[in-house]
Amino acid sequence: MARRWSLVDRFDSDGRRFLVARRNEPDVRDPRALSPRERQVAAFAALGHSNKLIAYTLGLSASTIATHLAAAMRKLAVRSRVELARAVLPT
């Protein structure tokens, strides 16, 4: 059986523990399959940042950013940055 929820965050407040989760759609691959750097780059891209800006922010080359984005898109089976944003950002 496929997992129905992915844990996004957890925190304690006022003596209570809170879990933040998102529902996994059946046709979307698990974003946790991405490496930490691929997730980071994909998140910046999902926010609308250009490859050049992401590269500058992370201290990497623009071609390295393109490589990370291509790998993330391949792993998540998406074909555009819009689809990538839908796959990596919480709904």
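Visitor: Are Arg17 and Asp12 buried or exposed?
Guide: Arg17 is exposed, and Asp12 is exposed as well, where exposed means over 50% relative accessible area, buried under 20%, and partly exposed in between, with a 1.4 Å probe and protein chains only. Please keep in mind that this is a predicted model, in which local features need pLDDT of at least 70 and side-chain atom pairs count only at pLDDT 80 or more, while totals for chains, interfaces and linings use all residues. Residues are numbered from 1 along each chain as its sequence is written, and side-chain values use heavy atoms, with hydrogens and water left out.

Visitor: And what do the side chains of Arg17 and Asp12 do?
Guide: They meet in a salt bridge, with N to O at 3.0 Å; the term stands for a side-chain nitrogen of Lys or Arg within 4 Å of a carboxyl oxygen of Asp or Glu.

Visitor: How many salt bridges does the structure hold?
Guide: It holds 2, and one of them joins the side chains of Glu38 and Lys75 at 2.9 Å, N to O. That pair links distant parts of the chain, since Glu38 lies in helix H1 (residues 36-46) and Lys75 in helix H3, 37 residues apart.

Visitor: Is Glu38 buried or exposed?
Guide: Glu38 counts as buried because its relative accessibility is 7%, whereas Lys75, at 27%, is partly exposed.

Visitor: Let's step back. Which elements does the protein have?
Guide: There are 4 helices and 2 strands, and from the N terminus on they run β-β-α-α-α-α. Helices (H or I, at least four residues) and strands (E, at least two) are DSSP runs, numbered from the N terminus. Of the 91 residues, 27% count as buried.

Visitor: How do S1 and S2 run, then?
Guide: The two strands run antiparallel and are joined by 8 bridges, and strands pair if DSSP finds at least two bridges between them. As an example, Leu7 has Ala21 in S2 as its bridge partner. The hairpin of S1 and S2 has 2 residues between the strands, and Asp14 takes a positive phi near 55° there.

Visitor: What about aromatic rings, how many pairs are there?
Guide: The count is 1 aromatic pair, where rings of Phe, Tyr and Trp (its six-membered ring) pair if their centres lie within 6.5 Å, and planes under 30 degrees apart count as stacked, over 60 as edge-to-face and the rest as tilted. The ring centres of Phe11 and Phe18 are 5.3 Å apart and their planes stand at 20°, so this pair is stacked.

Visitor: Which residues make the nonpolar surface patch?
Guide: Val8, Phe11, Phe18 and Val20 make a patch of about 310 Å², with strand S1 (5-13) and strand S2 (16-23) as the elements that give two or more residues to it. Patches are made of residues with over 30% relative accessible area and no salt bridge, with like charges joined within 9 Å and nonpolar side chains (Val, Leu, Ile, Met, Phe, Trp, Tyr) within 5 Å; the areas come from the Shrake-Rupley method with a 1.4 Å probe, and for residues only the protein chains shown count as cover. Phe11 is partly exposed at 39% relative accessibility, and Phe18 is partly exposed at 34%.

Visitor: One last thing: where is Thr67?
Guide: Thr67 is in helix H3 (residues 62-76), and at 52% relative accessibility it counts as exposed. Its C-alpha atom is separated by 9.2 Å from that of Glu38, which is 29 residues apart along the chain.
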